[in-house]
Amino acid sequence: MKRKTFVTLSLVPAIGILASLALVSVAGAVWFALMNRTLRSSDYEFVGAYNFLRLLRDKRFFNALEISAIWEVVTVTGTLVLAVLLAVLIYETVKKPLWRNLICFAFLVPVLLPRVAAAFIWRFLYSPSLGLINYLCGLVGIGPVEFLADPSLALISVAIVDIWQWGLFFTVILLKLMETLPRDPIEAAMLDNARTWEIHAYVTLPMLKAPIISLALVKAVESLRSFDLIFVMTGGGPGTATETLDLYAYQMGINMGGRISYASAMSILLLIVTTVVFTIIWKAGKKWAA
Amino acid sequence: MANISCTDIVKSYGAYPVIEGMNLSIPDHEFVVFLGPSGCGKSTMLRMVAGLEDVTGGRIEIGGTDVTDLPPGERGVAMVFQSYALYPHMSVADNITFGLRRQGIPKSEIAPRLEQVAEMLGLAPYLDRRPKNLSGGQQQRVAMARAMIKTPKVFLFDEPLSNLDAKLREKLRTEIRKMHLQLKTTTIFVTHDQLEAMTIADRIVLMRDGKIEQMGTPDEIFERPASRFVADFIGTPAMNFLHATMEEGHVARAGGIAITLDPEAFPSLKPGQKVELGLRPASMDLCEPGVENAVTGTVVLVENMGAEGQVITEVEGEEMSFVTQRFRRLSQNDTVHFAIRRDKVHVFDPNTGQSLRGV
Amino acid sequence: MGRLISVTLTRALLALLIVVALGPILWTVLGAFKELRDIVTPVPKLLFSPTLENFATILRNPTIRDGLLHSVIVVSASVIIGAALGIPAAYTLARHARNWGDDVQFFVLSLRFMPPVAIAIPFIVIYLDLGIYDTLFGLILVYLITTISTVIWLSVPAFERVPLNIEEAAAMEGCSPFEIFWRFALPVASPSLFGALVFTFVLVWNELLLALTLAAQNATLPVVAASITSLGKEVPWGVINAATVLLVVPPLVFIGLLMGLLNTSVQSGRK
C-alpha cells in the first residue's frame with residue numbers, strides 16, 4: 001500500500017465523521033437559532049435575530065452567564081490550589097513508595113466516579129436530616145446546614161464535589177511529575193540553605209510551569225461539562241442559584257416547553273465564547289509554557 | 001557489484017538548505033566513513049542513500065541502478081541505527097529474521113543463515129530473549145546481525161557506537177572492521193568521532209555545512225589536510241595555529257618564531273605573504289636550543305597521558321602545545337625548546353583557510 | 001518531643017485526606033446494604049444487619065436492567081468504532097502529517113471544547129426529524145464525537161513515543177506504511193493505547209446530558225439512576241445507594257490501569 005493511500009484511508013473516515021457531526025450540530029444550531037421552532041409543534045418560520053435580541057433582555061440568561069463564570073473560576077482555581085498544596089505536602093511527608101502509591105490509588109478513585117454517582121453520594125452526605133456531614137456539624141454545635149437548599153451555599157457545595165474529584169486527581173499527576181524532576185536543582189537549593197517551602201515555590205513549581213498550565217486548561221474545559229453534577233445535585237436550584245448556561249439551555253430547550261430555537265441561540269453564544277476564549281488561551285498557553 | 005554514486009545531491013527543509021550539490025562516488029567493497037561535526041549533513045546524506053529521506057534534487061545510484069525514487073526496502077541496503085532500533089515486541093531471533101520471513105523465504109533456508117550470523121556475532125545464547133533483556137553492546141550486535149543476514153548490497157551505519165562506553169566501542173569497532181574484511185560489502189559509516197573514522201575507514205569523507213571538505217584515505221586526511229578546518233578537526237591533541245608572514249628563504253616569521261618551510265611542498269609562497277601555520281603537537285618534540293625550527297617557551301601545564309605527555313607552553317603570549325615522552329622531568333615555569341621538522345608543517349591561506357600545499 | 005508531635009500531626013492529616021477521598025464512597029457502599037430505617041436515623045449507624053434487598057430491588061426493576069443493557073451496548077459500540085477509526089487516524093497524524101497535522105489535531109481538540117449542550121440541542125431536533133430519536137443507534141452516533149476525538153487526542157502522543165528508528169528499520173526491510181503501522185507501531189504502542197481506550201470508556205460510561213436529551217425509553221444507566229428520586233412516598237436512599245454502586249463499579253475496575261498510564265505518560269512527557 002502506498003503512503004498516500006494509507007494516509008487517506010486512515011484519516012478520512014475518522015475526520016470525516018467528526019467533521020460532519022460537528023458541522024451538523026453547529027449548522028443545525030445556527031439554523032434553529034434563526035427560526036422560532038419548538039418541540040411541541042413542527043411548524044416554524046424564520047425570525048432572524050429575534051432570539052438573540054431576546055437573550056440580551058433575559059435576566060435569567062445573564063444570571064446563568066454569571067453563575068457559569070463563577071463556577072469556572074472557583075473550580076479551576078480550587079482544583080489547582082488544592083492539588084499543588086497536597087502534592088507538596090505528600091512529596092515532603094510521605095517518602096515510602098508503598099505509602100505514596102496507596103495514597104495515589106485512594107486519590108484516583110473520586111475522579112473515576114461517574115458524575116451522576118458522585119452527585120448522589122454527596123447529596124446523601126449533604127442531606128440535612130440524615131447526612132453524615134450535618135451529623136458531624138451537629139457534634140460541634142452547628143446546623144443543621146441546608147447545604148444544597150441555601151442559595152448562598154449551594155454553588156460552593158457543588159463546587160466542593162467537583163474539586164474533590166479533580167483536585168485529588170491532579171494531586172496524583174503533580175506528585176508523579178515532581179518525582180520525575182531532576183534532583184540537581186533541588187539539591188543545589190538545599191545546599192543554599194533554602195527552606196522547604198522556598199524550594200518548592202522557587203524551584204520545583206516553576207519547573208512544572210508548563211504542565212500546570214496544561215492542567216489548568218484541561219480543568220477549564222472539563223468544568224464546562226459539569227451539567228451532570230449540578231443537574232443531579234440541585235437541578236439548578238434553589239431558584240436559579242446554581243443554574244449555569246448549559247443547565248438553563250437544557251431547561252429552556254427540553255424541559256420547559258422545548259423552546260429549541262431560543263436554546264439554540266444560547267448554545268451558539270456559548271459555543272462562540274468558549275471557542276474564542278479557549279483558542280486564545282490555548283495559543284497563548286503554548287507560547288507561555290514554551 | 002555495488003558501487004554507489006551520488007550526483008548533484010541537494011537537500012533542503014523548506015527554504016533551509018542542508019546539503020548543496022554534493023557529488024560522491026564510492027567503489028565496490030569500499031568502507032567509507034562520513035565524518036564531521038554535528039549538523040554537517042552527514043546523517044542526512046546517509047539517510048538519503050537509505051531512502052529514509054526524500055532527495056530534493058540530484059540522483060543516487062546503487063550498483064548501477066537509479067534508486068533515487070525507490071522506497072528503502074527495494075534498494076538492497078541494510079542499516080544499523082545509533083539507537084539500535086530493535087523491535088521490542090519480538091525475540092532476538094525474530095528480530096534478526098524478520099526481513100527474510102517477510103520475503104517468504106522458507107524456514108529451512110533461514111535457520112542455517114540465522115545460525116551462521118548468530119555464531120559470527122556471538123549471539124547464539126541470546127536468541128530467545130527480548131531486546132530489553134540485553135546489554136547495549138549485545139543489542140548493537142543484534143542490530144548488526146539483522147543487517148548482515150539479508151546479505152545486502154550496501155551496509156549503512158548511523159553512528160552505531162555512540163551509545164556505548166569507550167571500551168566496548170573500541171571492541172565493536174574492531175569487530176565491524178573484521179566483518180568488513182570478511183564480507184567485503186560496500187559500507188558507509190557515519191560518525192563524529194575522528195579517531196573512530198581514522199581507525200576504521202578505507203576512505204574518509206569529511207563534511208562541513210553540507211559540503212565535502214575533503215575526501216581521502218585516513219593518511220591523506222591526516223598528512224595533507226586540504227584546509228585549516230580539516231587540520232583542526234583531525235588529530236589529538238588539536239593542532240597549534242600561528243599567524244605568520246613569509247620572508248626570504250622560505251621562512252615564515254611570527255614575532256620571534258621563525259619556521260623554515262619545505263620549498264617543494266609550498267612552491268607558491270612569496271615573501272611578504274600572510275600565512276597561517278599549522279603545527280601538530282604530535283609532530284613536535286623537545287630539542288636543543290638553536291636547532292632549525294626551534295621554538296622557546298615557558299611550561300604552563302604538563303598533562304600526563306601515560307606513555308607520553310602533552311606539554312602546554314606559553315610562547316610570546318600565545319599558547320602552544322607539543323607531545324613528548326620525556327615529559328616527566330618538566331615542571332611549571334621551566335623554559336623549554338621544541339622543534340618541528342620542516343616537512344611536517346602545514347600552511348594555510350589565512351583568509352580562505354585552504355591549504356597552500358603544492359600546485 | 002516537638003518532632004514527635006509534628007510527625008503525628010502529619011500522619012493524622014494524611015489519614016484524614018484518605019478518609020476524605022474514600023470515605024464518601026465507602027459510606028455509600030455501606031448505605032447500599034442498609035435498610036431504609038437504618039439510613040433514616042438521627043445518628044449515623046456503622047453497625048446494622050446488612051441486607052441485599054436494595055440490590056434485589058434494582059436488579060428486579062426492568063428500567064434499571066434495560067438501562068444497564070443499553071449502557072453496555074452503546075458504550076462498547078461507540079468505543080470500538082471510535083478505536084477502529086481513531087487509532088489509525090492518530091497514527092497518521094503522528095507520523096505522516098508534517099504540515100497540516102497540527103491543524104487537524106487542533107480541530108479534534110476543539111471538539112472537546114464544545115459544550116455538550118451545544119451538541120444536544122440541535123441533535124434532538126435533527127433526530128426527531130430523522131426518526132432516530134430515542135434509538136441506541138442515535139446515541140452511538142453522537143457518542144462517536146466523544147470517542148473518536150478522545151481516542152485521537154490520547155493516541156497521537158502514544159504513537160509519537162514509539163521510537164522513529166524502529167519504524168525506519170521496518171521500512172528498510174521493505175514494509176509498507178500499513179505494515180509498519182500494523183506490525184510495529186501498534187504492538188509497541190499498545191499499552192498506552194489500551195489506557196486511552198479505557199479513559200474513553202469511562203468518559204462515555206459516565207455521560208449523562210446527551211443520553212438524557214436524545215433518548216427516553218432507551219436511555220443509559222446514568223439517566224435511569226438520575227431519575228430514581230422517588231419510588232413511592234419516601235426517598236429510597238438505599239436503592240439510590242445501590243444504583244450508585246452499580247454505576248461506579250465498572251470505571252473503578254480500571255483504576256490500576258489509569259495509574260500505569262499516568263506513570264508512563266508522565267515519565268516520557270519530560271525526558
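This is a predicted model: local features need pLDDT of at least 70, side-chain atom pairs count only at pLDDT 80 or more; totals for chains, interfaces and linings use all residues.
Visitor: In chain B, what share of the contacts between residues at least 6 apart in sequence joins residues at least 24 apart?
Guide: The share is 65%.

Visitor: What else describes chain B as a whole?
Guide: Chain B has eight helices and 20 strands. Its C-alpha atoms fill a box of roughly 75 × 45 × 35 Å along the principal axes. Of the 359 residues in chain B, 40% are buried. To be buried, a residue needs 20 or more other C-beta atoms within 10 Å of its own.

Visitor: Why does B:T151 count as partly exposed?
Guide: B:T151 has 13 C-beta neighbours inside 10 Å. Buried needs 20 or more, and exposed means 12 or fewer. The value 13 falls in between, so B:T151 is partly exposed. B:T151 sits in the loop between α4 (136–148) and β7 (154–158) of chain B.

Visitor: What makes the backbone of B:T151 worth a look?
Guide: Phi of B:T151 is near 40 degrees. That is a positive value in a residue other than glycine.

Visitor: Which class does B:H250 fall into, and why?
Guide: B:H250 has 18 C-beta neighbours inside 10 Å. The count lies between the exposed limit of 12 and the buried limit of 20, so B:H250 is partly exposed. B:H250 also has a positive phi, about 55 degrees, although it is not a glycine. Its place is the loop between β11 and β12 (251–254) of chain B.

Visitor: What is the omega of the peptide bond from B:T236 to B:P237?
Guide: Omega is near -10 degrees, and the bond is cis. B:P237 lies in the loop between α8 (228–233) and β11 (240–247) of chain B.

Visitor: Which domains does the assignment give for chain B?
Guide: It gives domain 1 (4–233) and domain 2 (240–348). Their C-alpha centres lie 39 Å apart. Four residues of domain 1 of chain B are in contact with four residues of domain 2 of chain B. The domain 1 side of that contact has two nonpolar, one polar and one charged residues.

Visitor: How is chain C divided?
Guide: Chain C has domain 1 (2–32) and domain 2 (57–269). The centres of these domains of chain C are 33 Å apart, taken over C-alpha atoms. Four residues of domain 1 of chain C are in contact with six residues of domain 2 of chain C. On the domain 1 side, two residues are nonpolar, two are polar and none is charged.

Visitor: Which chains share the most contacts?
Guide: Chains A and C do, out of the two pairs of chains in contact. There, 74 residues of chain C are in contact with 71 residues of chain A. Helix α1 (residues 2–32) of chain C gives the most to the chain C side, with 11 residues. That side has 56 nonpolar, 16 polar and two charged residues.

Visitor: Which residues make the contact of chain B with chain C?
Guide: It takes 16 residues from chain B and 13 residues from chain C. The largest share of the chain B side, three residues, comes from α2(B). By class, the chain B side has 10 nonpolar, four polar and two charged residues.

Visitor: What meets what between α4(A) and α7(A)?
Guide: From α4(A) come residues including A:C104, A:F107 and A:L108. From α7(A), A:W164, A:Q165 and A:F169 are among them. The contact holds 11 nonpolar, two polar and no charged residues. The crossing is left-handed.

Visitor: What makes A:A188 exposed?
Guide: A:A188 has 12 C-beta neighbours inside 10 Å. Exposed means 12 or fewer, so A:A188 is exposed. A:A188 lies in helix α8 (residues 183–191) of chain A.

How values were computed
Residues are numbered from 1 along each chain as its sequence is written. Chains are lettered from A and ligands numbered from 1 in the order in which they are written. A crossing is left-handed if the near helix is turned anticlockwise from the far one by less than a right angle, and right-handed if clockwise. Helices (H or I, at least four residues) and strands (E, at least two) are DSSP runs, numbered from the N terminus. Two residues are in contact if their C-beta atoms, placed from the backbone, lie within 7 Å. Ala, Val, Leu, Ile, Met, Phe, Trp, Tyr, Cys and Pro count as nonpolar, Asp, Glu, Lys and Arg as charged, and the others, Gly among them, as polar. Domain bounds come from an automatic or database domain assignment.
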